[in-house]
Protein chains: 2
Amino acid sequence: MNDVKAGPEEEWVKSGEVRISDLAAELGLTKGTVSRALNGYEDISKKTRKRVMEAATKRGYVPTTQARRLAMGLTETIGLVLPPMPSQPVNTFISEFIHSVSAALHLHGYDLLVHSANSEESEVEPYRRLVQSRKVDGFIIFRTNEKDPRVNYLLNEGFPFVTHGRTARMAEHDWFDIDGEKAFRDATSHLIKLGHQRIGFVGGGKEFFSAQLRLKGFRTMLEESCLEKVPSLEQPGDLTGQGGEIAAQNLLKQTRPPTAILCANDATALGVMKAARELGFNIPEELSVIGYDGIALGAYIDPPLTTLTFSIEESGKEMVNLLMRRLKSPDLPVISKLASAILKLRGSEGPPSSIQNKNMENCL
Amino acid sequence: MNDVKAGPEEEWVKSGEVRISDLAAELGLTKGTVSRALNGYEDISKKTRKRVMEAATKRGYVPTTQARRLAMGLTETIGLVLPPMPSQPVNTFISEFIHSVSAALHLHGYDLLVHSANSEESEVEPYRRLVQSRKVDGFIIFRTNEKDPRVNYLLNEGFPFVTHGRTARMAEHDWFDIDGEKAFRDATSHLIKLGHQRIGFVGGGKEFFSAQLRLKGFRTMLEESCLEKVPSLEQPGDLTGQGGEIAAQNLLKQTRPPTAILCANDATALGVMKAARELGFNIPEELSVIGYDGIALGAYIDPPLTTLTFSIEESGKEMVNLLMRRLKSPDLPVISKLASAILKLRGSEGPPSSIQNKNMENCL
DNA sequence: AATCATTTCGAAACCGGTTTCGGTATTGTT
DNA sequence: AACAATACCGAAACCGGTTTCGAAATGATT
């Protein structure tokens, strides 16, 4: 019954004011004992444990996070570094991803620290800072490059992390990814079955591993279907709408333009559609377009954009699971998980206007 | 030169391994002295300060954040709680906002803790938890309601925060907002100048203060222009595409449909455009549509969506400034900042097909 | 009843910093 | 040269928890 603080009785109602030493003094115990009682140690009698618990809830005791973490030598925090924002952000992926990662982390008692990279400094600098100041226990990395400096740094440092996307060193770290190769095989196959024979592809930057894999899926399916690979039908892009416009112009101004265009993402597809409209191509009658990402906005445009979609929520959850496993037992072998995208038909694709009905069932 | 740790010389290369006590021992000083030297106290001689600094950089010493924060009694962290995700997020606001807030906080040495609210529990629960566990020093709140439980809780608790958006208690807390009323006056005025006389409005939920203010701006300008207020032309919405579709159907199936529709946000506008297409209205010839938010994708649809836009980056910066000011001097009077949106003409509006050329210059 | 095993808790070290206080050593003054 | 003032640094408390260790109290065993 020592005075917690000079003041009226209601003082204790205010949250965040009672410390473990207050509880201990009030109960006539030491703070060590109170701590163990609260944390379920076996060497506390049922009776005193009950006393402690009741006092704790009554007084609204919540341990001070900073102190707990310092004592336990962990931060219970995961870092997520946002890449520099594109001038025209087109995708809601990031916010959905943050949302799901944060929710999943919360189930494990972890917090999410979001840091933004400014474009002037090196890509790994934010990671280095967070590691050195010991602000996080691990990282969630997304939008990996094939040769990823962030991955190199963290591997070298022996610091836990999981990537969304594969890298050249994927055998050395946990990762989660969408099977973009299969996705684009599926989409290509779908177009071929519709009767398309000249299919264009607008890719992403060479640095994005995922974009490369999507291209690979496209090529693979062309080959399996005995369609010749036409280099001029493969256009580079940059995963933006503008890039899509330019690429579409390159494709559609050719003497024999493609009857369908596959795009490495939805932003690109929107640019392609815009350019196609301006060049007088009707979609989907004269040109089929398929994107990748499943952005919700795609359902509202005319025609609605057919796209490859996947669950961002699942991505977040799975990545958190991988990371938690790694934090608990750092020496387990690396594992990975590949999820698949599904083709969401919405209307921007259809059979080509003039179906040249070659027999394509057997290749030779 | 006592052994820092048994091991080879390279041990110190690994980051995050050297503590202040290591430095102190190496220099023959106490850790208190080292700390003061590093933090610019005046009672340290130039010579030893230099010695300490050099040793610190040489050994790559970075103070452990948790310990610093515990000792100093602050978290240097700001909390941002994400509202439950809509099933069809169409807006990139959140990710841009997080990005700018995070970057601005970083300039002040603060971190951003992102927490996601799950929809089952009370809206204030995440805030309560973060306050009680002392994980943050303040909050950034966005998407305020007129009567906002979060604001009530934090005001009652005396905990620092800034809102993006006004509330019923805006006189009691710092806030930043976009002048949605003026924005919608401008947009309405623009439509009236184009010759529109029957203008529809699709609002947001009644709980969103901002949506109410936008409606108010719409009504004000109608009144100033001597256009009669037609209740059936004001439709409620929910800030989603679906809500926009339904509202548009209600508007366009009327015997005298509006020639233009103002939407409380871009998602709504997309739904309106979709419904209009399906009902056979050409945009902008037969129906003008204007949205609010300035989403980048609006530029890629057909026709490109005219919208009211504002700088999300500025919003983030300003809010951080307000919050930092509050943290530094808690007793300063509350201040607020109102920024304005600008009308970005992209093509989804134009003069009505049949201009009834009433003289509207003078009201009476 | 003496001995041993268990249960239960207190004492104290520790996590890695910051900050206050006081004591030398040095400088300045006359 | 004696004394006061100042510069500089060490010692120790502190932030608020966790965890180890050992001792006292209790219970079980023979």
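This is a predicted model: local features need pLDDT of at least 70, side-chain atom pairs count only at pLDDT 80 or more; totals for chains, interfaces and linings use all residues.
## The contact between chain A and chain B

Chain A brings 61 residues to the contact, and chain B brings 61 residues to it. The area buried between chain A and chain B is about 5500 Å², with carbon and sulfur atoms giving 58% of it. On the side of chain A, the residues that lose the most area to chain B are Q66(A), R134(A) and Y300(A), which together make up 16% of what that side buries.

Polar contacts also cross this interface, where the rule finds 20 residue pairs of this kind. Several elements of chain A each supply at least two residues of the side that touches chain B, among them helix 4 (65–72), strand 2 (111–116), helix 6 (125–132) and helix 10 (241–252). Helix 5 of chain A gives the most to that side, with eight residues. Sorted by class, the side of chain A that touches chain B has 28 nonpolar, 20 polar and 13 charged residues.

## Salt bridges across and within the chains

Side chains of opposite charge can pair when their charged atoms come close. Over all chains, the count by this rule comes to 44 salt bridges, and the table lists some of the pairs with the distance between nitrogen and oxygen.

| Pair | N to O distance |
|---|---|
| D111(A) and K135(B) | 3.0 Å |
| E123(A) and R150(A) | 3.5 Å |
| E181(A) and R185(A) | 3.8 Å |
| E26(B) and R59(B) | 2.2 Å |

E26(B) counts as partly exposed at 23% relative accessibility, whereas R59(B) counts as buried at 13%. Elsewhere, salt bridges that share partners join R68(A), R69(A), E76(A), D111(A) and K135(B) into one network.

In chain A, the salt bridge of E123(A) with R150(A) has its closest N and O atoms 3.5 Å apart. Since E123(A) lies in the loop between strand 2 and helix 6 and R150(A) lies in helix 7, this pair ties together parts of chain A that are 27 residues apart in sequence. E123(A) is partly exposed, with a relative accessibility of 35%, while R150(A) is buried, with a relative accessible area of 5%.

The pair of E181(A) and R185(A) sits within one element, for both residues lie in helix 8 (residues 180–194) of chain A, four residues apart, which is about one turn of the helix. E181(A) is buried, with a relative accessible area of 17%, and R185(A) is partly exposed, with a relative accessible area of 25%.

## Cysteines

How many disulfides does the structure hold over all chains? The structure holds zero disulfides. Is C263(A) buried or exposed? C263(A) is buried, because its relative accessible area is 0%, and buried means a value under 20%. In chain B, C263(B) likewise counts as buried, at 0% relative accessibility.

Terms used. Residues are numbered from 1 along each chain as its sequence is written. Chains are lettered from A and ligands numbered from 1 in the order in which they are written. Side-chain values use heavy atoms; hydrogens and water are left out. A disulfide is a pair of cysteine sulfur atoms within 2.5 Å. Buried means under 20% relative accessible area, exposed over 50%, partly exposed in between (1.4 Å probe, protein chains only). Contact means heavy atoms within 4.5 Å. Buried area is the accessible area (1.4 Å probe) that two parts lose on being put together, summed over both. A salt bridge is a side-chain nitrogen of Lys or Arg within 4 Å of a carboxyl oxygen of Asp or Glu. A polar contact is a pair of N or O atoms within 3.5 Å; within protein, one must be able to donate a hydrogen and the other to accept it, and residues adjacent in sequence count only if both atoms are side-chain atoms. Ala, Val, Leu, Ile, Met, Phe, Trp, Tyr, Cys and Pro count as nonpolar, Asp, Glu, Lys and Arg as charged, and the others, Gly among them, as polar.
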